[in-house]
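Morning, everyone. Let me put one structure on the screen and walk you through it.

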Amino acid sequence: MSAVVREVSNPSEDEMNAWAKLLAEAFNYQFFGSGLAGDKSLQEPILKAHMTAAIVKGEGEIHVAELPGVGVAGVAVWFGPGYKFLDSEAQRKAGWDQVIERLPQQYQEWWDTLLKDYDALAERSLGPGVKLGSYHLQLIGTAPEHQKKGVATALMRYAETKAHAAKVPSCLETVGPTNVKIYKSLGYEVAGSGPLKAAPPHQGSFEMFVFVKHTEKDDVKA
């Protein structure tokens with residue numbers, strides 16, 4: 001049972017809500033949970049905001065993976081060459097700002113700092129302008145009941161094929177040893193890593209890893 005991936009440019013509100021729920025379930029309603037002050041009611045809205053940011057002005061892409069007899073089992077959000085997540089006012093106003101405004105001030109400030117530091121880490125790790133010139137994975141998730149069926153791999157390969165055709169690299173950021181192992185198994189290399197400040201009220205930091213796959217090369221294909 002192989003997953004079939006397609007890009008979606010004009011999804012309905014019902015579809016977006018269903019995919020936000022799928023993503024929240026994929027993350028066990030813990031996507032940056034500390035950064036959302038532990039408020040699980042913000043999980044689906046913030047994940048939906050990633051998708052609306054991608055398509056509001058066509059600056060990103062939503063890819064869905066479907067299984068026969070099941071329908072959509074996985075979702076990914078990518079930004080192609082020339083664009084980054086939240087690098088335009090239109091993207092921010094398409095849902096992101098509305099979610100962040102529901103948080104206490106200290107969390108709003110943390111998100112502002114995180115986004116700046118995370119982008120700076122990618123620039124240091126990949127080199128100036130490399131991320132902006134690449135296919136960049138912003139978000140990916142598979143419904144829990146359909147994990148380990150090749151859904152996420154199919155989503156990755158679909159975007160990597162587009163990156164290879166455009167002769168640009170593919171890149172992403174992630175946290176945690178399990179994710180590091182997964183992306184290495186998919187042919188990604190660690191370009192760099194660094195500490196980012198933990199969400200309040202926690203002290204300390206967490207390690208974020210920046211990965212790249214040289215899909216721009218003729219001998220590296222999806």
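Glu123 is partly exposed, at a relative accessible area of 22%. On the terms: buried means under 20% relative accessible area, exposed means over 50%, and partly exposed is in between, with a 1.4 Å probe and protein chains only. Before I go on, the ground rules. This is a predicted model: local features need pLDDT of at least 70, side-chain atom pairs count only at pLDDT 80 or more, and totals for chains, interfaces and linings use all residues. Residues are numbered from 1 along each chain as its sequence is written, and side-chain values use heavy atoms, with hydrogens and water left out.

Back to Glu123. Its side chain meets that of Lys84 in a salt bridge, 3.6 Å from N to O. Glu123 sits in helix α4 (residues 105–126), and Lys84 in the loop between β3 (71–79) and α3 (89–100), so this pair ties together parts 39 residues apart in sequence. Helices here are DSSP runs of H or I with at least four residues, strands are runs of E with at least two, and both are numbered from the N terminus. Lys84 itself is buried, at 15%.

What counts as a salt bridge? A side-chain nitrogen of Lys or Arg within 4 Å of a carboxyl oxygen of Asp or Glu. How many salt bridges does that rule give? The count is 14.

Next pair: Glu66 and Arg6. Their side chains form a salt bridge at 3.1 Å, N to O. Glu66 belongs to strand β2 (residues 61–67) and Arg6 to strand β1 (residues 4–8), so the bridge ties together parts that are 60 residues apart in sequence. Glu66 is partly exposed at 23% relative accessibility. Arg6 is partly exposed too, at 32%.

Arg157 is partly exposed, with a relative accessible area of 28%. Glu160 is buried, at 0%. There is a network as well: salt bridges that share partners join Lys84, Asp119, Glu123, Lys131 and Glu173.

**The whole chain**

Now step back. The protein chain has 6 helices and 7 strands. Along the sequence the pattern runs β-α-α-β-β-α-α-β-α-β-α-β-β.

For 222 residues, a compact globule would have a radius of gyration near 17 Å, and the protein chain agrees at 17 Å. That radius is taken over C-alpha atoms, and the globule rule is 2.2 Å times the number of residues to the power 0.38. The C-alpha trace spans about 45 × 40 × 35 Å along its principal axes.

Of the 222 residues, 48% are buried. Take contacts, meaning heavy atoms within 4.5 Å. Among those between residues at least 6 apart in sequence, 71% join residues at least 24 apart.

**One buried alanine**

Look at Ala53. You will find it in helix α2 (residues 43–55). Is Ala53 buried or exposed? Ala53 is buried, with a relative accessible area of 0%. What does Ala53 touch, leaving aside neighbours within four places in sequence? Its contacts are Phe79, Phe85, Leu86, Gln91 and Ala94. Val77 is 24 residues from Ala53 in sequence, and the two C-alpha atoms are 9.5 Å apart in space.

Last topic. Most residues other than glycine have a negative phi, and most peptide bonds are trans.

Leu86, one of the contacts of Ala53, has a positive phi of about 65°, and it is not a glycine. Leu86 lies in the loop between β3 and α3. Its relative accessibility is 8%, so Leu86 counts as buried.

Lys148 also has a positive phi of about 65° without being a glycine. Its place is the loop between β4 (135–142) and α5. Lys148 is exposed, with a relative accessible area of 88%.

Then the prolines. Pro200 and Pro201 are joined by a cis peptide bond, with omega about 5°. Pro201 lies in the loop between β6 (189–197) and β7 (205–213).
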